[in-house]
Amino acid sequence: MGYGEAEDLLRQLAPQVLGALVRRYGHFDTAEDAVQEALVAAATQWPAEGLPANPRGWLITVASRRLTDLLRSEQSRRAREEAAARRIPPGEWLAPAADVAAADSDDTLILLFLCCHPALSPASQIALTLRAVGGLTTAEVARAFLVPEATMTRRITRAKVQVADSGVPFMVPNGPEREQRLTMVLHVLYLIFTEGYAATSGPGLFRADLSAEAIRLTRIVRRLLPGDGEVAGLLALMLLTDARRPARTGPAGELIPLDEQDRSRWDQAKIAEGVALVTGALPRGDVGSYQLQAAIAAVHDEAASAGATDWPQILALYDLLLRISDNPVVALNHAVAAAMTHGPGAGLKRLERLETDRRIAGDHRLEAVRAHLLEMAGQHQAARAAYQAAAQRTMSLPHQRYLNARAARLSGHR
């Protein structure tokens, strides 16, 4: 077995192993450390010695032994007191590793619910999800978000303490709470994908590894909840959006906007899978925001050229999306669709409503869209100023270069 194959399998098994340990032993923080040590051992041994007959059982056994050592050395006194308080015979608080390894249930979804606990900030939810469910090391998570490893270590440690202090049981919640927590899980996965697809800072336009991890985790949720339309919609949205990534940058890493991309470079396999997912999800039950966003992405991806895009259909889909989603970015995209359907004046009029929305008023995207629509309307000097303002607001170097280039192109126009 090669190193790459082992790494892929370990990332797939990591949340299952951690879930099995937390379900049986509790001690989320210590169990996570034990699993990381088991993963390191496997990454070292498996490529050299071969894959064990039961990789998941091997990892659970090794992690359980390490967890036992950690608990005995660091928490034995407290554990004995807890066992006595619950009238559990001494020693019984630690189950035999074989009992855990024999369990065949997949606790990944429960683990996702735990990592996306409402007591945590979105940044902490994302970090804990990537660490515990994604199997990434703290250093890898830190690199993904361009922060020092020490900063990410503190963030993850605080998150695990908050989860432990919350006293939340290791189980899938029921009723409305389950729906609320699933919504939060999907939102966290969406945020991970978005940061990977359109990095908010740094030298690159995107981080393909982060987008790929979001897609992989969403596939897990899709496997565990195959009948959920919003899960299918989110996966479809990710695939349909990520399909364009090969054409989003030029030879020097420069940004290429959607209407100028070479569509022959789009990933047709991802487009086909995404279209199939959203087509299958839309007729079932209530339509959610991810399904509608995926449907919009599908209209873009199925157009043979930018000029062939069905903008009236996209505008109609945004009309539906605005009814169920109070999201300023949706309103911004709705303005673009209105401009492409009814002319730039219609879009600019809709932008006026967003100028007082604090959630987006200072965002570079508002000025960038304004600049584009002003350029469409022939107001070149105003467009140039808006492009320059947008460039000053973004932390992404590729976006800065693109916006400044658009402004420079208009410098000779009156």
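**Helices, core and selected residues of the predicted model**

Helix H20, which covers residues 397–409, has 13 residues and reaches 18 Å from its first C-alpha to its last, close to the 18 Å expected at 1.5 Å a residue. Its buried residues are Pro398, His399, Tyr402, Leu403, Arg406 and Ala407. The structure described here is a predicted model.

Of the 414 residues in the chain, 51% count as buried. Among the contacts with a separation of 6 or more, 66% are made by residues 24 or more positions apart. The accessible surface of the chain amounts to about 19300 Å², and 53% of this surface belongs to carbon and sulfur atoms.

In soluble globular proteins, nonpolar side chains tend to be buried together. The largest nonpolar core of the model contains 125 residues, of which Leu18, Leu21, Phe28, Leu59, Leu128, Val221 and Leu351 touch the most other members. Helix H1, made up of residues 3–25, gives the most to this core, with 10 residues. For valine 221, the contacts beyond four places in sequence are with Leu109, Leu112, Leu182, Leu186, Leu189 and Val231.

The buried residues of H9 are Met152, Ile156, Ala159, Lys160 and Val163. These residues lie on the same side of H9, because they cover an arc of only 95° around the axis. The face turned away from this buried side carries the exposed residues Arg158, Ala164 and Asp165. The packing partners of the buried residues of H9 are helix H2 (28–49), helix H6 (108–115), helix H7 (122–133) and helix H8 (138–144). Glycine 167 follows H9 and has a positive phi, near 70°. Threonine 153 also has its place in H9. With a relative accessible area of 35%, threonine 153 is partly exposed, as this value falls between the limits of 20% for buried and 50% for exposed residues. The C-alpha atom of threonine 153 is separated by 8.3 Å from that of alanine 142, a residue 11 positions away along the chain.

The buried residues are Tyr290, Gln291, Leu292, Gln293, Ala294, Ala295, Ile296, Ala297, Ala298, Val299, His300 and Asp301. They pack against helix H10 (175–197), H12, helix H13 (268–281) and helix H15 (311–324).

Tryptophan 311 is located in H15. Tryptophan 311 counts as buried because its relative accessibility is 15%, which is under the 20% limit. Beyond four places in sequence, tryptophan 311 touches His300, Ala306, Val336, Ala337, Met340 and Thr341. One of these contacts, His300, is among the buried residues of H14. The C-alpha atoms of tryptophan 311 and alanine 339 are separated by 9.3 Å, although the two residues are 28 positions apart along the chain.

Glutamate 32 is placed in helix H2 and is buried, with a relative accessible area of 1%. Its side chain is joined to that of arginine 131 by a polar contact of 2.5 Å. Apart from neighbours within four places in sequence, glutamate 32 is in contact with Leu18, Arg131, Ala132 and Lys160. Of these partners, Lys160 is one of the buried residues of H9, and Leu18 is one of the core residues that touch the most other members.

Aspartate 242 lies in helix H12, which covers residues 229–242. This residue is likewise buried, with a relative accessible area of 3%. The side chain of aspartate 242 makes a polar contact of 3.0 Å with the side chain of arginine 245. Not counting residues up to four places away in sequence, aspartate 242 touches Phe193, Tyr197, Ser211, Ile215 and Lys270. Between the C-alpha atoms of aspartate 242 and glycine 196, residues 46 apart along the chain, the separation is 9.7 Å.

Note on methods. Residues numbered from 1 in each chain as written. Predicted model: local features only at pLDDT ≥ 70, side-chain atom pairs only at ≥ 80, totals over all residues. Heavy atoms only, no water. Buried < 20%, exposed > 50% of the residue type's maximum accessible area, 1.4 Å probe, protein only. Contact = heavy atoms within 4.5 Å. Areas by Shrake-Rupley, 256 points an atom, 1.4 Å probe, with all protein chains shown as cover. Helix = DSSP H or I, 4+ residues; strand = E, 2+ residues; numbered from the N terminus. Polar contact = N/O pair within 3.5 Å; in protein donor to acceptor, adjacent residues only side chain to side chain. Core = buried A, V, L, I, M, F, W, Y, C linked by side-chain atoms within 4.5 Å. Arc of directions from axis to C-beta. Expected span 1.5 Å × (residues − 1).
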